[in-house]
Amino acid sequence: MISNDSSFIPVAKPWLDESEALAAQRVILSGWVTQGSEVNKFENEFAAYVGANYACAVSSCTTALHLALLAVGVKQGDEVITVSQSYIATANSIRYCAAIPVFVDVCSITHNIDVDKIESVINSKTRAILCVHQVGMPCDLQAIIPLAKSYGLPVIEDAACAIGSEILWDGEWDKIGKPHGDIACFSFHPRKVVTTGDGGMITTNNSEWDKQFRLWRQHGMSIPDTVRHHSTEVVFESYPVMGYNYRMTDIQAAIGREQLKKLPVMLEKRRHLADRYSKQLIHINDIRLPHQPAWARSNWQSYPVTLSSSKLQRTVMQMLRDQNIATRRGVMCAHREKALGLDERYEWRCEGFYAGCKCNPGSCEKLQNSEYLQDHQVILPLYHQMTESVQDVVIQSFDVCIASSHKSMVATSS
Ligand SMILES: Cc1ncc(COP(=O)(O)O)c(C=O)c1O
């Protein structure tokens with residue numbers, strides 16, 4: 001993401017300045033740098049922001065997802081319904097529990113899980129639904145939650161990208177993370193709208209799960225070290241359950257608190273830039289712009305454009321890169337990676353599994369939309385500090401690149 005060339009336009013850029021630097025300095029000089037009072041304050045502020053009863057800070061969204069799956073009781077051999085088209089961490093978190101990811105295709109319009117395909121994969125081994133708000137666009141919780149409830153299945157939301165995104169719920173705009181499902185998990189990686197360098201947050205309204213998360217994130221230790229540190233009496237801790245080191249540090253939390261203060265301004269700017277992209281790219285032939293349903297408000301963590309041919313994807317991206325403009329291809333598909341779908345040691349399932357579907361290595365006919373989007377999408381630069389004139393450079397260059405790569409494609413094929 002970092003380039004020293006001032007004309008370079010990155011695909012994303014965190015908005016960090018003196019306020020985060022001073023917050024980090026304050027914590028460092030306090031002498032308490034691991035999980036402590038700053039984490040506690042960040043959790044309270046985060047819970048209030050999204051409207052959840054509880055928020056528990058952890059080291060990443062991946063570790064958040066792992067704990068969420070454990071909390072709802074996912075065990076070895078269980079099946080968890082999710083999408084392949086997501087960052088690989090979504091599927092990996094299921095594998096950390098020795099459970100099996102069951103991939104449902106995404107909808108060709110919303111690019112989120114195709115709700116109509118969920119029911120056909122539910123069976124006696126299904127333990128949970130792990131839905132993803134992909135690149136910040138809310139998935140259809142209004143349809144997913146009643147369906148899950150009718151089968152007694154918990155819903156975990158992978159909200160890695162969705163801080164500040166909203167859905168219309170009973171006539172009100174609610175923040176993702178409220179939680180509408182049972183548990184929501186967020187990421188603070190620098191590609192996300194709010195960053196702490198790395199980090200994650202778990203929100204829920206279930207106090208028992210929240211207690212579990214706090215125990216698990218700190219080695220299963222019965223007494224937090226802050227309590228032991230401040231006690232005037234000698235305290236011996238115990239370890240009633242196996243835990244993990246999934247802690248967030250107070251330095252990260254202090255940075256996160258500053259980022260949360262900036263979030264409303266960041267959202268306004270991102271929505272403005274996304275709106276400009278939508279208005280100005282609409283005249284380009286043969287591309288599809290992202291669809292925002294009337295019941296959703298994205299935080300526009302990313303702005304993906306779908307090209308008409310997969311042959312154009314690499315060409316257009318390289319042409320833009322040659323002009324110092326960074327882009328990324330569409331979100332990956334986990335089932336196409338050696339670390340998962342292409343290695344027979346690793347089990348995964350698709351919609352056709354119980355009907356004897358034999359997917360080709362790297363290609364699954366049941367996950368066609370997912371594969372199509374990975375191969376046809378280009379993610380354009382979008383970040384808070386982007387000026388309208390920089391965005392105009394991206395729009396014009398993209399327009400020219402599409403036109404000229406179309407021409408050369410037609411020339412080669414004739
Ligand atoms: C949808 C999704 N889930 C999970 C993750 C993992 O987040 P983290 O890097 O905080 O573990 C990401 C990160 O890109 C993501 O995009």
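Me: In this predicted model, how many residues surround the ligand, and which are the closest?
Reply: The structure is a predicted model. The shell around the ligand holds 14 residues, and the closest of them are Cys61, Thr62, Asp158, Ser187 and Lys192.

Me: How do the residues of the shell divide into nonpolar, polar and charged?
Reply: The shell around the ligand is made up of 14 residues. Their division is 6 nonpolar, 6 polar and 2 charged.

Me: Which helices each supply at least two residues of the shell around the ligand?
Reply: Two or more shell residues come from each of two helices, one spanning 61-71 and the other 89-96. These are helix 3 and helix 4.

Me: What are the distances from the ligand to the polar side-chain atoms of Asp158 and Lys192?
Reply: For Asp158, the ligand atom concerned is a nitrogen, and the separation is 2.7 Å. For Lys192, the ligand atom is an oxygen, and its distance to an N or O atom of the side chain is 2.7 Å.

Me: Is Asn299 buried or exposed, and which backbone oxygen does its side chain reach?
Reply: Asn299 belongs to the loop between strand 11 (296-297) and strand 12 (303-307). Its relative accessible area is 0%, so Asn299 is buried. At 2.8 Å, the side chain of Asn299 reaches the backbone oxygen of Cys161.

Me: What is the phi of Trp300, and is this residue buried or exposed?
Reply: Trp300 is placed in the loop between strand 11 and strand 12. Because its relative accessible area is 8%, Trp300 is buried. Most residues other than glycine have a negative phi. The phi of Trp300 is positive, near 50°.

Me: Where is Asn324 found, and what is its phi?
Reply: The loop between helix 9 (310-322) and strand 13 (328-329) contains Asn324. With a relative accessible area of 18%, Asn324 is buried, since the limit for that class is under 20%. Its phi is positive although the residue is not glycine, with a value near 70°.

Me: Which peptide bond is cis, with omega near -5°?
Reply: Most peptide bonds are trans. Pro179 lies in the loop between strand 7 (172-175) and strand 8 (183-187). The cis bond in question runs from Lys178 to Pro179.

Me: What distance separates the C-alpha atoms of Leu260 and Phe42?
Reply: Leu260 is part of helix 8, residues 250-281. Its relative accessibility is 10%, so Leu260 counts as buried. Although Leu260 and Phe42 are 218 residues apart along the chain, their C-alpha atoms are separated by 8.7 Å.

Me: What distance separates the C-alpha atoms of Tyr54 and Gly200?
Reply: Tyr54 lies in strand 1, residues 54-58. At 28% relative accessible area, Tyr54 is partly exposed. Along the chain, Tyr54 and Gly200 are 146 residues apart, and their C-alpha atoms are separated by 14 Å.

How values were computed: Residues are numbered from 1 along each chain as its sequence is written. This is a predicted model: local features need pLDDT of at least 70, side-chain atom pairs count only at pLDDT 80 or more; totals for chains, interfaces and linings use all residues. Side-chain values use heavy atoms; hydrogens and water are left out. A residue is near a molecule or strand if one of its heavy atoms lies within 4 Å of it. A polar contact is a pair of N or O atoms within 3.5 Å; within protein, one must be able to donate a hydrogen and the other to accept it, and residues adjacent in sequence count only if both atoms are side-chain atoms. Helices (H or I, at least four residues) and strands (E, at least two) are DSSP runs, numbered from the N terminus. Ala, Val, Leu, Ile, Met, Phe, Trp, Tyr, Cys and Pro count as nonpolar, Asp, Glu, Lys and Arg as charged, and the others, Gly among them, as polar. Buried means under 20% relative accessible area, exposed over 50%, partly exposed in between (1.4 Å probe, protein chains only).
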